[in-house]
Amino acid sequence: MDASSDSVSGPVNDSAAHRKAAEVAKSAGRLSLKDAFIRCWTTYKSRAWMADEVTPLSGTTRNWFGGWGATLVDSLDTLWMMGLREESEEAVKAIEVGEMLYAAFDTPNRMPITRWDFQRAARGEEQVAPEGILVAEIGSFTLEFTRLSQVTGDPKWFDAIHRVMEIFYRQQDQTKLPGMWPVVVNARGEDFTQDTTYTLGAMADSVYEYLPKMHALVGEVIPMYESMYRDAMDTAIQYNLFRPMTPDEADILVAGAARIVDEPGQPSRVTLEPKGEHLICFAGGMMALGGRLIQNDTHVDLGQKLTDGCIWTYKALPSGIMPEVFHMSACASRASCPWDEAQWQREVLSRAKDPQTQDAADIIHEQRLPKGFAAIADRRYLLRPEAIESVFILYRITGREDLLHAGWAMFEAIQRATETDLANAALSDITVLQPPQTDSMESFWMGETLKYFFLLFSSPDLISLDEYVFNTEAHPLKRAK
């Protein structure tokens, strides 16, 4: 599956000098990324060892996840990949959580509790699955538990998640948007069909991400995972993906949210909310990978356009960094979309608090909206990995050299804005040239973001996509032969 530098799509400079220069650049990139990681790891180890996070400005500890060492766990394989074997072995000795997670399935109907109270469990008190649960919370155990069964030889892990996924499979065509599942489902009642919001983004993302990866992890011998992926993507392609109107008429895609609207006396209809999220940038890599796994070139092409959409959004902001949530204007056609200044301003006004008394030009100026953005609902950058994740996967699959340049530009912009004396900090407003830093560095910065940047500039045989799949926290799991 991995493309070598000699098998890229389209013409490339294949001279020996060009290849040598490319390797020198990649080596320099790896060293810079390793240095950035070591700075953060050293600060975590000296100031917050075994805590969930270290704060990058004040240098204190933060335990958002109960204090089980989220940064330590998420960084384990990054340490190994970067050749920091002594530190990796030290970190491995400090953890063990698999059995604790399995206990969350100890409910009357075997549906998991996502907010499991281990103290109540220790007292022998019964706990039941919730009636309202985010679909990603109940559908994102598959890769990890399947791999646990493969490694240990104990089928209990796979059995626990497979019974959940069979419900997803049976009810996939019974939802209000057949093919996809809504953001909120009823685990206690085992009803995954009733909500009206459908997205590939936040709160639903890894359900869809895991379908093609499960197909690969189990050696392509359980047909339902490929079937679920195909059907879900058929629906998402039709209702969620849109081409945004941009001043350069870029041929890119963004994944928005679809909603079912029911009005008295009218048939149900599907509406598109043309918003983008940094988190949803994983979808480009998912579709490129899924397309390659099931030999569907259309999915690979759509994955490229989704990834290019995230790259475009990074470049469009003065900081060179993509915002957390934003809105754009959806083109009527994906084939052609000429820029229309008046339409853009109408979209800006439609999202204003008081469109009757406000002027579009004033809003654009006050909110610092680059052309093409109708609103930026969340201006933060949280050190997220999803954009570079898709750049990495797409580069491994296609060999497109421009992705190396795009990835390096992203890293330079992020490092320039987020580096602190101790580590790297999240940003509160990426619409300004020098975004303000906030005292937060979530575990995915070292566990995912820096890892994907490092792998982008590494040899394809370091965690080959022919041999591994990554879970949603970027941990590589060995594929079955």
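Let's start with arginine 47, which is found in helix α1, residues 16–47. Keep in mind as we go that this is a predicted model.

Who does arginine 47 touch? Setting aside neighbours within four places in sequence, arginine 47 is in contact with Val54, Ser58, Gly59, Thr61 and Leu422. If you'd like to find phenylalanine 454 from here, it sits 407 residues from arginine 47 along the chain, and their C-alpha atoms are separated by 25 Å.

Now, over to the core. The largest nonpolar core has 142 residues, and the ones with the most contacts inside it are Phe168, Leu200 and Tyr208. Which helix gives the most to this core? That would be α17, residues 444–456, with nine residues.

Let's zoom in on phenylalanine 168. Not counting residues up to four places away in sequence, phenylalanine 168 touches Val135, Ile138, Gly139, Trp181, Phe192, Val207 and Met228.

Last stop, a helix pair. Helix α11, residues 282–293, packs with helix α15, residues 386–398, at an angle of about 25°, and their axes are 7 Å apart. Because angles under 35 degrees count as roughly parallel, α11 is roughly parallel to α15. Their crossing is left-handed.

Which residues meet there? From α11 we have Phe282, Ala283, Gly284, Gly285, Ala288, Leu289 and Arg292, and from α15 we have Glu386, Glu389, Ser390, Ile393, Leu394 and Ile397. By class, that contact has seven nonpolar, three polar and three charged residues. Thanks, everyone!

Conventions
Residues numbered from 1 in each chain as written. Predicted model: local features only at pLDDT ≥ 70, side-chain atom pairs only at ≥ 80, totals over all residues. Heavy atoms only, no water. Axes fitted to C-alpha atoms, helices over the stretch in contact; angles between N-to-C directions. Helix = DSSP H or I, 4+ residues; strand = E, 2+ residues; numbered from the N terminus. Parallel < 35°, antiparallel > 145°, perpendicular 65-115°, else oblique. Left-handed = near helix turned anticlockwise from the far one by under 90°. Contact = heavy atoms within 4.5 Å. Nonpolar A, V, L, I, M, F, W, Y, C, P; charged D, E, K, R; others polar. Core = buried A, V, L, I, M, F, W, Y, C linked by side-chain atoms within 4.5 Å. Buried < 20%, exposed > 50% of the residue type's maximum accessible area, 1.4 Å probe, protein only.
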